[in-house]
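My notes follow in the order I looked things up.

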Amino acid sequence: AKFDKLGVNQALLQLQISYNRGRLVAAEQFLPLLDRIAKNETYMHMARERAAGMADLIRNPNSAAER
């Protein structure tokens, strides 16, 4: 995330796919990184939006299941 600002969205997409398939262990460890990406204006809007969505999903897994 630090050196490849354009590749962050692809990495987040892979992270989201892993989470959706149940293959992501200890997802809470990614929260500081996801929050930092979501708040940093140097990343593409799409990547910031995806990071914020993933952080919400990890923090509130029950609310996503209700949707």
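**Tyr 43 and its surroundings**

I started with Tyr 43, which touches Ala 1, Lys 2, Lys 5, Val 8, Ile 37 and Arg 48, not counting residues up to four places away in sequence. Contact here means heavy atoms within 4.5 Å. Before going on I noted that this is a predicted model, where local features need pLDDT of at least 70 and side-chain atom pairs count only at pLDDT 80 or more, while totals for chains, interfaces and linings use all residues. I also noted that residues are numbered from 1 along each chain as its sequence is written, and that side-chain values use heavy atoms, with hydrogens and water left out.

I placed Tyr 43 in the loop between H2 and H3. Helices (H or I, at least four residues) and strands (E, at least two) are DSSP runs, numbered from the N terminus. Is Tyr 43 buried or exposed? Its relative accessibility is 8%, so Tyr 43 counts as buried. The cut-offs are under 20% relative accessible area for buried, over 50% for exposed, and partly exposed in between (1.4 Å probe, protein chains only). I also checked Tyr 43 against Gly 7: they are 36 residues apart along the chain, and their C-alpha atoms are separated by 9.6 Å.

Leaving aside neighbours within four places in sequence, Arg 48 is in contact with Ile 37, Ala 38, Asn 40, Glu 41 and Tyr 43.

**H1 against H3**

Two packed helices are described by the angle between their axes and the distance between the axes. For helix H1 (residues 8-20) and helix H3 (residues 45-59), I read axes that come within 9 Å and cross at roughly 25 degrees. Axes are lines fitted to C-alpha atoms, for helices over the stretch in contact, and angles run from 0 to 180 degrees between N-to-C directions. H1 and H3 are therefore roughly parallel to each other; angles under 35 degrees count as roughly parallel, over 145 as roughly antiparallel, 65 to 115 as roughly perpendicular and the rest as oblique.

The H1 and H3 crossing is left-handed, a term for the near helix being turned anticlockwise from the far one by less than a right angle, with right-handed if clockwise. On the H1 side, the contact residues include Leu 12, Leu 13 and Tyr 19, and on the H3 side they include Ala 47, Arg 50 and Met 54. By class I have 11 nonpolar, 3 polar and 1 charged residues in the contact of H1 with H3. For the classes, Ala, Val, Leu, Ile, Met, Phe, Trp, Tyr, Cys and Pro count as nonpolar, Asp, Glu, Lys and Arg as charged, and the others, Gly among them, as polar.

I picked out Asn 9 in helix H1. Asn 9 is buried, with a relative accessible area of 11%. Leaving aside neighbours within four places in sequence, Asn 9 is in contact with Met 44, Met 46, Ala 47 and Arg 50.

Which residues of helix H2 (residues 31-39) are buried? I found Leu 31, Leu 34 and Ile 37. Seen down the axis of H2, these buried residues fall within an arc of 130 degrees, so they line one face of the helix; the arc is that of the directions from the helix axis to the C-beta atoms. The buried residues of H2 pack against H1 and H3. On the face turned away from the buried side of H2, I noted the exposed residues Pro 32, Arg 36 and Lys 39.

The axes of H2 and H3 come within 8 Å and cross at roughly 145 degrees, and this crossing is left-handed. The contact of H2 with H3 has 10 nonpolar, no polar and 3 charged residues.

Last, I looked at Ala 26, in the loop between H1 and H2. Phi of Ala 26 is near 55 degrees, a positive value in a residue other than glycine. With 41% relative accessibility, Ala 26 counts as partly exposed.
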